[in-house]
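I opened this notebook to record what I looked up, element by element. The entries keep the order in which I went through them.

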Amino acid sequence: MGNAVRTGRVAGKVAFITGAARGQGRSHAVKLASEGADIVALDICEDLPFAHSPHATWEDLQETVRLVEEAGGRIVARKADVRFRDQVDAVVAEGLETFGKIDVVVANAAAIQYKNVFDLSVEDFEAGLEVNLTGVFNTVQSPIQSMINRNEGGSIILVSSGITYRATPAVDYAAAKTALITFARALANEVGPSRIRVNTIHPGYVLSPANDNLKYAERTAQLLGREPFTSLEEHRQALWDRFKPQNMLPVGYIEPEEVSNAVLWLASDASRYVTAEELKVDAGFGDK
Amino acid sequence: MGRLSGRVAFITGAARGQGRSHAVRLAEEGASIIAVDICEDIPEIPARFGTREDLAETVEAVEAVDGRIVARVADVRDFAQLQAAVADGVAELGPPDIVVANAGVVPFTDFPSMPESVWRTTIDVNLTGVYRTVKAALPWMVEAGKGGSIILISSGIVNRGGGIVVDYAASKAGVVGLMRSLALELGPYNIRVNSIMPGNVLTNMLVSGNFGRVVAGAVNGGEPFASQEEMIDAMEAMFRARNMIPLGWVEPRDISEGVLFLASDESRFITSESLRIDLGFAGK
(Lines give C-alpha, C1' and ligand atoms only; values in the text may rest on other atoms or scores of the structure.)
Protein backbone atom coordinates (compact mmCIF):
# COMPACT_ATOMS: atom_id res chain seq x y z
CA MET A 1 0.00 0.00 0.00
CA GLY A 2 1.14 3.55 -0.67
CA ASN A 3 2.53 5.66 2.12
CA ALA A 4 2.14 9.23 0.89
CA VAL A 5 2.78 12.01 3.37
CA ARG A 6 -0.58 12.81 4.94
CA THR A 7 -1.78 16.16 6.14
CA GLY A 8 -4.62 16.99 8.48
CA ARG A 9 -5.42 17.20 12.15
CA VAL A 10 -4.84 13.48 12.77
CA ALA A 11 -2.18 13.02 10.10
CA GLY A 12 -0.15 9.89 10.62
CA LYS A 13 -2.48 8.43 13.25
CA VAL A 14 -4.17 5.03 13.07
CA ALA A 15 -7.73 4.77 14.39
CA PHE A 16 -9.47 1.53 15.40
CA ILE A 17 -13.24 1.98 14.98
CA THR A 18 -15.98 -0.54 15.81
CA GLY A 19 -19.44 -0.55 14.24
CA ALA A 20 -17.89 1.12 11.22
CA ALA A 21 -20.09 -0.28 8.45
CA ARG A 22 -22.65 2.54 8.45
CA GLY A 23 -24.09 5.45 10.41
CA GLN A 24 -21.91 7.10 13.04
CA GLY A 25 -19.07 4.56 12.79
CA ARG A 26 -18.74 5.04 9.05
CA SER A 27 -18.86 8.81 9.49
CA HIS A 28 -16.03 8.71 12.05
CA ALA A 29 -13.91 6.56 9.74
CA VAL A 30 -14.36 8.94 6.81
CA LYS A 31 -13.84 12.08 8.91
CA LEU A 32 -10.61 10.82 10.48
CA ALA A 33 -9.35 9.56 7.10
CA SER A 34 -10.06 12.95 5.54
CA GLU A 35 -7.85 14.47 8.23
CA GLY A 36 -4.93 12.15 7.58
CA ALA A 37 -5.57 8.99 9.59
CA ASP A 38 -5.52 5.34 8.52
CA ILE A 39 -8.35 3.13 9.71
CA VAL A 40 -8.77 -0.30 11.28
CA ALA A 41 -12.47 -1.08 11.10
CA LEU A 42 -14.79 -3.84 12.20
CA ASP A 43 -18.51 -4.47 12.13
CA ILE A 44 -20.73 -7.42 13.02
CA CYS A 45 -22.21 -7.25 9.49
CA GLU A 46 -25.27 -9.27 10.49
CA ASP A 47 -28.44 -8.83 12.55
CA LEU A 48 -28.56 -9.51 16.26
CA PRO A 49 -31.65 -11.51 17.23
CA PHE A 50 -32.37 -9.44 20.34
CA ALA A 51 -31.76 -6.01 18.82
CA HIS A 52 -34.73 -3.99 17.65
CA SER A 53 -33.57 -2.86 14.20
CA PRO A 54 -31.48 -4.54 11.49
CA HIS A 55 -27.73 -4.11 11.75
CA ALA A 56 -25.26 -3.39 8.95
CA THR A 57 -24.20 -5.72 6.16
CA TRP A 58 -20.92 -6.72 4.57
CA GLU A 59 -21.85 -4.52 1.61
CA ASP A 60 -22.24 -1.57 3.98
CA LEU A 61 -18.73 -2.19 5.30
CA GLN A 62 -17.34 -2.31 1.75
CA GLU A 63 -18.95 1.05 1.10
CA THR A 64 -17.16 2.42 4.17
CA VAL A 65 -13.91 1.07 2.70
CA ARG A 66 -14.61 2.84 -0.58
CA LEU A 67 -15.40 6.16 1.14
CA VAL A 68 -12.32 6.01 3.38
CA GLU A 69 -10.05 5.33 0.41
CA GLU A 70 -11.72 8.14 -1.50
CA ALA A 71 -10.87 10.42 1.44
CA GLY A 72 -7.23 9.45 1.07
CA GLY A 73 -7.00 6.90 3.87
CA ARG A 74 -5.81 3.31 3.97
CA ILE A 75 -8.11 0.85 5.70
CA VAL A 76 -8.29 -2.68 7.05
CA ALA A 77 -11.96 -3.67 7.42
CA ARG A 78 -13.16 -7.00 8.83
CA LYS A 79 -16.36 -8.68 9.91
CA ALA A 80 -16.16 -9.18 13.66
CA ASP A 81 -18.45 -9.25 16.72
CA VAL A 82 -17.20 -7.22 19.69
CA ARG A 83 -18.68 -9.78 22.09
CA PHE A 84 -16.06 -12.31 21.00
CA ARG A 85 -12.59 -11.37 22.12
CA ASP A 86 -10.78 -13.62 19.66
CA GLN A 87 -12.53 -11.85 16.77
CA VAL A 88 -11.57 -8.42 18.10
CA ASP A 89 -7.99 -9.54 18.77
CA ALA A 90 -7.66 -10.85 15.20
CA VAL A 91 -8.69 -7.49 13.72
CA VAL A 92 -6.43 -5.54 16.08
CA ALA A 93 -3.50 -7.85 15.28
CA GLU A 94 -4.04 -7.36 11.56
CA GLY A 95 -4.27 -3.61 12.06
CA LEU A 96 -1.03 -3.52 14.04
CA GLU A 97 0.65 -5.70 11.43
CA THR A 98 -0.48 -3.50 8.56
CA PHE A 99 0.00 -0.04 10.06
CA GLY A 100 2.51 -0.68 12.85
CA LYS A 101 0.42 0.95 15.57
CA ILE A 102 -2.97 2.04 16.83
CA ASP A 103 -3.17 5.53 18.40
CA VAL A 104 -6.91 6.15 18.51
CA VAL A 105 -9.75 3.85 19.55
CA VAL A 106 -13.40 4.71 18.86
CA ALA A 107 -15.63 2.19 20.64
CA ASN A 108 -18.83 2.85 18.73
CA ALA A 109 -20.46 -0.57 18.16
CA ALA A 110 -23.73 -0.84 20.08
CA ALA A 111 -27.12 -2.53 20.09
CA ILE A 112 -30.48 -1.34 21.39
CA GLN A 113 -33.49 -3.52 22.18
CA TYR A 114 -36.21 -1.04 23.24
CA LYS A 115 -37.80 -3.49 25.68
CA ASN A 116 -39.51 -2.17 28.77
CA VAL A 117 -38.56 -3.57 32.16
CA PHE A 118 -41.38 -6.14 32.10
CA ASP A 119 -40.51 -7.53 28.66
CA LEU A 120 -36.76 -7.51 29.26
CA SER A 121 -35.69 -10.96 30.45
CA VAL A 122 -32.49 -11.50 32.40
CA GLU A 123 -31.01 -13.00 29.25
CA ASP A 124 -32.03 -9.91 27.29
CA PHE A 125 -30.46 -7.65 29.92
CA GLU A 126 -27.22 -9.61 29.82
CA ALA A 127 -27.27 -9.61 26.03
CA GLY A 128 -27.51 -5.82 25.99
CA LEU A 129 -24.61 -5.46 28.42
CA GLU A 130 -22.56 -7.95 26.44
CA VAL A 131 -22.52 -5.73 23.35
CA ASN A 132 -22.64 -2.28 24.93
CA LEU A 133 -20.33 -2.81 27.89
CA THR A 134 -18.29 -6.02 27.52
CA GLY A 135 -17.92 -5.27 23.81
CA VAL A 136 -16.39 -1.91 24.71
CA PHE A 137 -14.11 -3.59 27.23
CA ASN A 138 -12.87 -5.96 24.54
CA THR A 139 -12.44 -3.12 22.06
CA VAL A 140 -10.32 -1.14 24.50
CA GLN A 141 -8.33 -3.88 26.20
CA SER A 142 -7.27 -5.56 22.96
CA PRO A 143 -4.96 -2.76 21.71
CA ILE A 144 -4.17 -1.07 25.03
CA GLN A 145 -0.89 -2.84 25.80
CA SER A 146 0.50 -1.95 22.38
CA MET A 147 -0.46 1.68 23.01
CA ILE A 148 1.25 1.69 26.41
CA ASN A 149 4.35 -0.03 25.01
CA ARG A 150 4.71 2.56 22.24
CA ASN A 151 4.67 5.27 24.92
CA GLU A 152 3.58 7.99 22.51
CA GLY A 153 0.22 8.79 24.02
CA GLY A 154 -3.13 8.02 22.47
CA SER A 155 -6.83 8.76 22.57
CA ILE A 156 -9.60 6.36 23.52
CA ILE A 157 -13.14 7.53 22.80
CA LEU A 158 -16.08 5.56 24.15
CA VAL A 159 -19.40 6.33 22.52
CA SER A 160 -21.90 6.66 25.34
CA SER A 161 -25.22 8.43 24.88
CA GLY A 162 -27.05 11.67 25.50
CA ILE A 163 -29.59 9.68 27.46
CA THR A 164 -27.20 9.25 30.36
CA TYR A 165 -28.41 12.65 31.56
CA ARG A 166 -32.09 11.94 31.00
CA ALA A 167 -34.44 8.97 31.26
CA THR A 168 -34.77 6.49 28.41
CA PRO A 169 -37.12 3.55 27.86
CA ALA A 170 -34.36 0.94 27.76
CA VAL A 171 -32.88 0.09 31.15
CA ASP A 172 -30.17 -2.21 29.79
CA TYR A 173 -28.99 0.41 27.31
CA ALA A 174 -29.14 3.17 29.94
CA ALA A 175 -27.15 1.09 32.42
CA ALA A 176 -24.46 0.13 29.93
CA LYS A 177 -24.06 3.61 28.45
CA THR A 178 -23.78 5.24 31.87
CA ALA A 179 -21.35 2.57 33.05
CA LEU A 180 -19.04 3.73 30.26
CA ILE A 181 -18.60 7.05 32.09
CA THR A 182 -17.01 5.53 35.17
CA PHE A 183 -15.23 2.91 33.06
CA ALA A 184 -13.60 5.76 31.16
CA ARG A 185 -12.76 7.61 34.37
CA ALA A 186 -11.12 4.56 35.96
CA LEU A 187 -9.22 3.68 32.81
CA ALA A 188 -8.13 7.30 32.32
CA ASN A 189 -6.55 7.23 35.77
CA GLU A 190 -4.69 4.01 34.99
CA VAL A 191 -3.29 5.05 31.62
CA GLY A 192 -2.84 8.76 32.33
CA PRO A 193 0.86 8.26 33.06
CA SER A 194 1.23 6.90 29.51
CA ARG A 195 -0.41 10.09 28.18
CA ILE A 196 -3.29 8.01 26.86
CA ARG A 197 -6.53 9.93 27.24
CA VAL A 198 -9.90 8.26 27.77
CA ASN A 199 -13.16 10.15 27.28
CA THR A 200 -16.82 9.45 26.60
CA ILE A 201 -18.90 11.14 23.95
CA HIS A 202 -22.64 11.57 24.45
CA PRO A 203 -24.50 12.01 21.16
CA GLY A 204 -28.07 13.22 21.25
CA TYR A 205 -30.57 11.93 18.75
CA VAL A 206 -28.62 11.08 15.59
CA LEU A 207 -30.43 10.20 12.36
CA SER A 208 -28.77 7.12 10.94
CA PRO A 209 -29.68 3.73 9.45
CA ALA A 210 -30.24 2.54 13.04
CA ASN A 211 -33.47 4.57 13.24
CA ASP A 212 -33.99 5.63 9.61
CA ASN A 213 -35.58 2.28 8.73
CA LEU A 214 -39.02 0.68 8.35
CA LYS A 215 -38.83 -1.49 11.46
CA TYR A 216 -38.03 1.55 13.60
CA ALA A 217 -40.77 3.53 11.86
CA GLU A 218 -43.28 0.89 12.99
CA ARG A 219 -42.24 1.53 16.58
CA THR A 220 -42.49 5.30 16.19
CA ALA A 221 -45.99 4.97 14.78
CA GLN A 222 -47.04 2.79 17.72
CA LEU A 223 -45.55 5.20 20.25
CA LEU A 224 -47.32 8.13 18.61
CA GLY A 225 -50.56 6.15 18.40
CA ARG A 226 -50.96 6.82 14.69
CA GLU A 227 -51.27 5.15 11.31
CA PRO A 228 -48.14 3.42 9.97
CA PHE A 229 -45.83 5.77 8.06
CA THR A 230 -46.11 5.63 4.28
CA SER A 231 -42.47 6.63 3.71
CA LEU A 232 -39.16 7.02 5.52
CA GLU A 233 -39.32 10.72 4.72
CA GLU A 234 -42.61 11.03 6.59
CA HIS A 235 -41.02 9.15 9.50
CA ARG A 236 -38.01 11.48 9.54
CA GLN A 237 -40.31 14.47 9.82
CA ALA A 238 -42.15 12.79 12.70
CA LEU A 239 -38.85 12.12 14.49
CA TRP A 240 -37.84 15.74 13.99
CA ASP A 241 -41.15 17.04 15.35
CA ARG A 242 -41.11 14.60 18.24
CA PHE A 243 -37.63 15.39 19.55
CA LYS A 244 -37.28 19.08 18.72
CA PRO A 245 -39.13 20.26 21.88
CA GLN A 246 -36.68 18.26 23.98
CA ASN A 247 -33.63 20.12 22.65
CA MET A 248 -32.31 23.60 23.42
CA LEU A 249 -31.26 24.22 19.82
CA PRO A 250 -34.07 24.24 17.25
CA VAL A 251 -33.39 20.80 15.75
CA GLY A 252 -35.05 17.41 16.10
CA TYR A 253 -32.01 15.32 15.29
CA ILE A 254 -28.41 15.74 14.14
CA GLU A 255 -26.36 14.02 11.45
CA PRO A 256 -23.54 11.58 12.21
CA GLU A 257 -20.98 14.13 10.99
CA GLU A 258 -21.72 16.37 13.99
CA VAL A 259 -20.57 13.57 16.29
CA SER A 260 -17.58 12.92 14.02
CA ASN A 261 -16.39 16.51 14.48
CA ALA A 262 -16.25 15.90 18.22
CA VAL A 263 -14.53 12.52 17.70
CA LEU A 264 -11.96 14.29 15.52
CA TRP A 265 -11.28 16.89 18.20
CA LEU A 266 -10.83 14.25 20.89
CA ALA A 267 -8.65 12.12 18.60
CA SER A 268 -6.36 15.02 17.74
CA ASP A 269 -3.55 16.49 19.81
CA ALA A 270 -5.60 19.65 20.28
CA SER A 271 -7.23 17.84 23.21
CA ARG A 272 -4.00 16.30 24.52
CA TYR A 273 -4.78 17.12 28.16
CA VAL A 274 -8.50 16.31 28.10
CA THR A 275 -9.17 13.06 29.92
CA ALA A 276 -11.94 11.51 32.03
CA GLU A 277 -14.32 13.94 30.37
CA GLU A 278 -17.88 13.45 29.09
CA LEU A 279 -18.54 15.44 25.91
CA LYS A 280 -22.17 15.94 25.01
CA VAL A 281 -23.06 16.49 21.36
CA ASP A 282 -26.76 16.74 21.89
CA ALA A 283 -28.26 20.12 20.93
CA GLY A 284 -28.75 20.76 24.64
CA PHE A 285 -30.96 17.70 25.23
CA GLY A 286 -29.14 16.53 28.36
CA ASP A 287 -29.61 19.74 30.33
CA LYS A 288 -33.05 20.88 29.18
CA MET B 1 -9.56 29.00 4.84
CA GLY B 2 -9.36 29.02 8.62
CA ARG B 3 -11.86 27.37 10.89
CA LEU B 4 -13.20 30.81 11.90
CA SER B 5 -12.89 32.75 8.66
CA GLY B 6 -15.01 35.87 8.67
CA ARG B 7 -16.00 35.56 12.32
CA VAL B 8 -15.66 38.20 15.04
CA ALA B 9 -14.75 37.21 18.60
CA PHE B 10 -15.19 39.38 21.72
CA ILE B 11 -12.69 38.36 24.40
CA THR B 12 -12.35 39.76 27.94
CA GLY B 13 -9.18 39.62 30.01
CA ALA B 14 -7.16 39.65 26.81
CA ALA B 15 -4.03 41.56 27.92
CA ARG B 16 -2.06 38.42 28.74
CA GLY B 17 -2.25 34.79 29.84
CA GLN B 18 -5.23 32.73 28.67
CA GLY B 19 -7.06 35.70 27.13
CA ARG B 20 -4.13 36.64 24.92
CA SER B 21 -3.69 33.02 23.91
CA HIS B 22 -7.35 32.82 22.84
CA ALA B 23 -7.05 36.05 20.85
CA VAL B 24 -4.03 34.76 18.94
CA ARG B 25 -5.37 31.22 18.37
CA LEU B 26 -8.73 32.43 17.08
CA ALA B 27 -7.00 35.01 14.86
CA GLU B 28 -4.79 32.24 13.46
CA GLU B 29 -8.01 30.61 12.25
CA GLY B 30 -9.31 33.77 10.63
CA ALA B 31 -11.31 35.52 13.32
CA SER B 32 -11.20 39.27 13.99
CA ILE B 33 -10.88 40.19 17.65
CA ILE B 34 -12.56 42.69 19.97
CA ALA B 35 -10.31 42.60 23.05
CA VAL B 36 -10.76 44.21 26.45
CA ASP B 37 -8.81 44.18 29.69
CA ILE B 38 -8.92 46.19 32.92
CA CYS B 39 -5.20 46.96 32.50
CA GLU B 40 -4.69 47.82 36.15
CA ASP B 41 -4.55 46.10 39.54
CA ILE B 42 -7.61 45.74 41.76
CA PRO B 43 -6.78 46.70 45.40
CA GLU B 44 -8.81 43.84 46.93
CA ILE B 45 -6.97 41.20 44.90
CA PRO B 46 -3.33 40.51 45.84
CA ALA B 47 -2.00 39.78 42.36
CA ARG B 48 -0.38 41.60 39.43
CA PHE B 49 -2.88 42.22 36.66
CA GLY B 50 -2.33 42.93 32.99
CA THR B 51 -1.18 46.38 31.89
CA ARG B 52 -1.74 48.64 28.90
CA GLU B 53 1.64 47.50 27.62
CA ASP B 54 0.48 43.89 27.87
CA LEU B 55 -2.68 44.69 25.92
CA ALA B 56 -0.58 46.41 23.26
CA GLU B 57 1.50 43.24 23.01
CA THR B 58 -1.68 41.22 22.48
CA VAL B 59 -2.54 43.57 19.62
CA GLU B 60 0.90 43.00 18.09
CA ALA B 61 0.61 39.23 18.50
CA VAL B 62 -2.77 39.15 16.75
CA GLU B 63 -1.58 41.40 13.93
CA ALA B 64 1.49 39.20 13.53
CA VAL B 65 -0.81 36.36 12.41
CA ASP B 66 -2.63 38.70 10.04
CA GLY B 67 -5.54 39.20 12.39
CA ARG B 68 -7.55 42.37 12.82
CA ILE B 69 -8.12 43.59 16.35
CA VAL B 70 -9.81 46.40 18.26
CA ALA B 71 -8.49 46.61 21.83
CA ARG B 72 -10.01 48.70 24.62
CA VAL B 73 -9.39 49.19 28.31
CA ALA B 74 -12.56 48.06 30.11
CA ASP B 75 -13.43 46.65 33.53
CA VAL B 76 -16.02 43.85 33.42
CA ARG B 77 -17.50 45.37 36.58
CA ASP B 78 -18.53 48.40 34.50
CA PHE B 79 -21.31 47.66 32.01
CA ALA B 80 -21.03 51.01 30.21
CA GLN B 81 -17.32 50.42 29.55
CA LEU B 82 -18.07 47.00 28.09
CA GLN B 83 -20.87 48.32 25.91
CA ALA B 84 -18.65 51.11 24.58
CA ALA B 85 -15.82 48.69 23.81
CA VAL B 86 -18.14 46.32 21.94
CA ALA B 87 -19.67 49.22 20.00
CA ASP B 88 -16.19 50.37 18.94
CA GLY B 89 -15.35 46.84 17.89
CA VAL B 90 -18.55 46.41 15.92
CA ALA B 91 -18.02 49.71 14.12
CA GLU B 92 -14.68 48.50 12.79
CA LEU B 93 -15.09 44.72 12.52
CA GLY B 94 -18.79 43.93 12.53
CA PRO B 95 -21.02 42.28 15.13
CA PRO B 96 -19.60 39.52 17.34
CA ASP B 97 -20.30 35.86 16.50
CA ILE B 98 -18.23 34.57 19.39
CA VAL B 99 -17.94 35.70 23.03
CA VAL B 100 -15.17 34.44 25.30
CA ALA B 101 -15.88 35.56 28.87
CA ASN B 102 -12.40 34.95 30.25
CA ALA B 103 -11.65 37.85 32.63
CA GLY B 104 -11.31 36.48 36.15
CA VAL B 105 -9.59 36.86 39.50
CA VAL B 106 -8.51 34.34 42.12
CA PRO B 107 -7.60 35.92 45.48
CA PHE B 108 -6.54 32.69 47.26
CA THR B 109 -7.87 33.67 50.66
CA ASP B 110 -8.85 31.22 53.39
CA PHE B 111 -12.50 31.55 54.38
CA PRO B 112 -12.19 32.67 58.02
CA SER B 113 -9.99 35.61 57.14
CA MET B 114 -11.75 36.57 53.88
CA PRO B 115 -13.11 40.12 54.08
CA GLU B 116 -16.52 40.60 52.50
CA SER B 117 -14.92 43.09 50.10
CA VAL B 118 -12.79 40.29 48.63
CA TRP B 119 -15.82 37.98 48.28
CA ARG B 120 -17.86 40.74 46.62
CA THR B 121 -15.05 41.63 44.21
CA THR B 122 -14.55 38.00 43.17
CA ILE B 123 -18.27 37.52 42.51
CA ASP B 124 -18.48 40.90 40.77
CA VAL B 125 -15.68 40.05 38.33
CA ASN B 126 -16.04 36.30 37.87
CA LEU B 127 -19.84 35.92 37.86
CA THR B 128 -21.54 39.26 37.38
CA GLY B 129 -18.71 40.26 35.03
CA VAL B 130 -19.59 37.27 32.86
CA TYR B 131 -23.25 38.27 32.93
CA ARG B 132 -22.31 41.81 31.84
CA THR B 133 -20.00 40.51 29.11
CA VAL B 134 -22.76 38.43 27.57
CA LYS B 135 -25.31 41.21 27.98
CA ALA B 136 -23.03 43.70 26.20
CA ALA B 137 -22.58 41.46 23.17
CA LEU B 138 -25.99 39.81 22.95
CA PRO B 139 -28.08 42.57 21.32
CA TRP B 140 -25.61 42.70 18.41
CA MET B 141 -25.70 38.91 18.02
CA VAL B 142 -29.47 38.70 18.08
CA GLU B 143 -29.80 41.56 15.60
CA ALA B 144 -27.28 40.00 13.23
CA GLY B 145 -29.41 36.86 13.23
CA LYS B 146 -26.51 34.52 12.40
CA GLY B 147 -26.48 32.55 15.63
CA GLY B 148 -23.20 32.33 17.48
CA SER B 149 -21.15 30.78 20.22
CA ILE B 150 -20.75 32.04 23.77
CA ILE B 151 -17.95 30.47 25.80
CA LEU B 152 -17.79 31.12 29.53
CA ILE B 153 -14.58 30.26 31.36
CA SER B 154 -15.43 28.40 34.54
CA SER B 155 -12.92 26.23 36.43
CA GLY B 156 -12.08 22.63 37.13
CA ILE B 157 -12.36 23.45 40.83
CA VAL B 158 -16.16 23.37 40.47
CA ASN B 159 -16.18 19.56 40.33
CA ARG B 160 -13.80 19.01 43.22
CA GLY B 161 -12.97 20.76 46.48
CA GLY B 162 -10.19 23.28 46.63
CA GLY B 163 -8.69 25.11 49.56
CA ILE B 164 -8.70 28.89 50.00
CA VAL B 165 -10.91 29.43 46.95
CA VAL B 166 -14.41 29.56 48.43
CA ASP B 167 -15.27 32.79 46.63
CA TYR B 168 -13.65 31.67 43.39
CA ALA B 169 -15.35 28.26 43.46
CA ALA B 170 -18.75 29.81 44.14
CA SER B 171 -18.34 32.29 41.31
CA LYS B 172 -17.17 29.63 38.85
CA ALA B 173 -19.98 27.25 39.77
CA GLY B 174 -22.34 30.17 39.28
CA VAL B 175 -20.99 30.50 35.74
CA VAL B 176 -22.10 26.92 35.00
CA GLY B 177 -25.63 27.57 36.23
CA LEU B 178 -25.68 30.76 34.20
CA MET B 179 -24.50 28.80 31.17
CA ARG B 180 -27.26 26.19 31.36
CA SER B 181 -30.10 28.65 31.63
CA LEU B 182 -28.60 30.93 29.02
CA ALA B 183 -28.21 27.96 26.66
CA LEU B 184 -31.89 27.15 27.06
CA GLU B 185 -33.02 30.75 26.51
CA LEU B 186 -30.74 31.44 23.55
CA GLY B 187 -31.15 28.07 21.80
CA PRO B 188 -33.99 29.35 19.61
CA TYR B 189 -31.58 31.99 18.22
CA ASN B 190 -29.03 29.30 17.33
CA ILE B 191 -26.71 30.87 19.88
CA ARG B 192 -24.85 28.12 21.72
CA VAL B 193 -23.62 28.65 25.26
CA ASN B 194 -20.93 26.42 26.73
CA SER B 195 -18.31 26.63 29.43
CA ILE B 196 -14.75 25.47 29.71
CA MET B 197 -13.34 24.18 32.99
CA PRO B 198 -9.59 24.60 32.89
CA GLY B 199 -7.35 22.82 35.30
CA ASN B 200 -4.38 24.80 36.51
CA VAL B 201 -2.80 26.97 33.84
CA LEU B 202 0.68 28.42 34.29
CA THR B 203 0.11 32.16 34.00
CA ASN B 204 0.92 35.35 35.86
CA MET B 205 -2.45 35.19 37.56
CA LEU B 206 -1.43 31.91 39.20
CA VAL B 207 2.13 32.75 40.25
CA SER B 208 1.89 36.42 41.15
CA GLY B 209 -0.63 36.19 43.94
CA ASN B 210 -1.20 34.63 47.33
CA PHE B 211 -0.89 31.05 46.21
CA GLY B 212 2.90 31.11 46.36
CA ARG B 213 2.66 31.82 50.10
CA VAL B 214 0.23 28.91 50.48
CA VAL B 215 2.59 26.53 48.72
CA ALA B 216 5.45 27.79 50.90
CA GLY B 217 3.36 27.03 53.94
CA ALA B 218 2.59 23.54 52.68
CA VAL B 219 6.03 22.40 51.57
CA ASN B 220 8.60 24.89 52.81
CA GLY B 221 7.61 25.32 56.46
CA GLY B 222 6.22 28.74 55.71
CA GLU B 223 9.59 30.07 54.57
CA PRO B 224 9.44 32.05 51.35
CA PHE B 225 11.10 30.32 48.41
CA ALA B 226 14.57 31.41 47.37
CA SER B 227 13.38 32.17 43.85
CA GLN B 228 10.27 32.19 41.71
CA GLU B 229 11.60 29.15 39.84
CA GLU B 230 11.74 27.22 43.10
CA MET B 231 8.21 28.29 43.98
CA ILE B 232 6.92 27.25 40.57
CA ASP B 233 8.61 23.86 40.84
CA ALA B 234 7.03 23.28 44.25
CA MET B 235 3.64 24.40 42.94
CA GLU B 236 3.95 22.09 39.95
CA ALA B 237 4.77 19.10 42.12
CA MET B 238 1.77 19.76 44.35
CA PHE B 239 -0.61 19.97 41.42
CA ARG B 240 0.89 17.03 39.54
CA ALA B 241 0.01 14.64 42.33
CA ARG B 242 -3.71 15.35 41.84
CA ASN B 243 -3.85 14.82 38.06
CA MET B 244 -4.31 11.67 35.98
CA ILE B 245 -1.77 12.83 33.40
CA PRO B 246 1.40 13.47 35.40
CA LEU B 247 1.84 17.18 34.80
CA GLY B 248 1.13 20.14 37.05
CA TRP B 249 -0.67 22.31 34.56
CA VAL B 250 -1.82 22.79 31.04
CA GLU B 251 -0.64 25.60 28.79
CA PRO B 252 -2.87 28.50 27.79
CA ARG B 253 -2.94 27.11 24.26
CA ASP B 254 -4.62 23.91 25.48
CA ILE B 255 -7.51 26.02 26.74
CA SER B 256 -7.45 27.98 23.47
CA GLU B 257 -7.89 24.75 21.51
CA GLY B 258 -11.07 24.12 23.51
CA VAL B 259 -12.23 27.68 22.89
CA LEU B 260 -11.55 27.25 19.16
CA PHE B 261 -13.50 23.99 19.00
CA LEU B 262 -16.49 25.48 20.80
CA ALA B 263 -16.32 28.69 18.76
CA SER B 264 -16.32 26.93 15.39
CA ASP B 265 -19.11 25.25 13.45
CA GLU B 266 -17.56 21.90 14.28
CA SER B 267 -19.46 22.14 17.55
CA ARG B 268 -22.59 23.73 16.10
CA PHE B 269 -24.93 21.37 17.95
CA ILE B 270 -23.04 21.40 21.22
CA THR B 271 -24.68 23.59 23.85
CA SER B 272 -24.96 23.59 27.64
CA GLU B 273 -21.71 21.64 27.82
CA SER B 274 -18.96 22.14 30.39
CA LEU B 275 -15.75 21.07 28.75
CA ARG B 276 -13.03 20.09 31.19
CA ILE B 277 -9.45 20.59 30.06
CA ASP B 278 -7.76 19.56 33.25
CA LEU B 279 -5.33 16.62 32.98
CA GLY B 280 -8.05 14.46 34.51
CA PHE B 281 -8.06 16.42 37.79
CA ALA B 282 -11.82 16.32 38.27
CA GLY B 283 -12.04 12.61 37.62
CA LYS B 284 -9.19 11.36 39.79
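Entry 1, conventions. I am working with a predicted model, in which local features need pLDDT of at least 70 and side-chain atom pairs count only at pLDDT 80 or more, while totals for chains, interfaces and linings use all residues. Residues are numbered from 1 along each chain as its sequence is written, and chains are lettered from A and ligands numbered from 1 in the order in which they are written.

Entry 2, the sheet of chain A. I looked up the strand order and found an open sheet of seven strands, β3-β2-β1-β4-β5-β6-β7, with parallel pairing. Helices (H or I, at least four residues) and strands (E, at least two) are DSSP runs numbered from the N terminus, and two strands pair if DSSP finds at least two bridges between them. The edges are β3 (75-79) and β7 (278-281) of chain A, each of which pairs on one side only. Neighbouring strands of this sheet are turned by 15° against each other on average, direction ignored; angles run from 0 to 180 degrees between N-to-C directions, and axes are lines fitted to C-alpha atoms, for helices over the stretch in contact.

Strand β1 (residues 14-18) of chain A runs parallel to β2 (residues 38-43) of chain A, with five bridges joining them, and Phe16(A) has Val40(A) in β2(A) as its bridge partner. Helix α8 (residues 256-267) of chain A packs on the sheet, where it touches β1, β4, β5, β6 and β7 of chain A, and its direction makes about 165° with that of β6(A); contact here means C-beta atoms, placed from the backbone, within 7 Å. Helix α4 (residues 122-150) of chain A lies across β1, β4 (104-107), β5 (154-159) and β6 (196-203) of chain A, and runs at about 175° to β4(A).

Entry 4, the sheet of chain B. I found an open sheet of seven strands here too, in the order β3-β2-β1-β4-β5-β6-β7 with parallel pairing, and its edge strands are β3 (69-73) and β7 (274-277) of chain B. Strand β6 (residues 191-198) of chain B pairs with β7(B) in the parallel sense over four bridges, and Met197(B) has Arg276(B) as its partner in β7(B). Ser274(B) and Arg276(B) point one way from β7(B), Leu275(B) and Ile277(B) point the other way, and all are buried (20 or more other C-beta atoms within 10 Å of a residue's own, with C-beta atoms placed from the backbone).

The axes of α3 (residues 79-93) and α4 (residues 116-144) of chain B come within 9 Å and cross at roughly 35°. Residues Phe79(B), Leu82(B), Gln83(B), Val86(B) and Val90(B) of α3(B) meet Arg132(B), Thr133(B), Ala136(B), Ala137(B) and Trp140(B) of α4(B).

How many residues of chain A are in contact with chain B? I recorded 29 residues of chain A in contact with 29 residues of chain B, and α5 (171-191), α8 and β7 of chain A each supply at least two residues of the chain A side.

Not counting residues up to four places away in sequence, Ala9(B) touches Leu26(B), Ala31(B), Ile33(B), Pro96(B), Ile98(B), Val100(B) and Ala263(B).

Notes
Contact = placed C-beta atoms within 7 Å. Buried ≥ 20, exposed ≤ 12 C-beta atoms within 10 Å, placed from the backbone.
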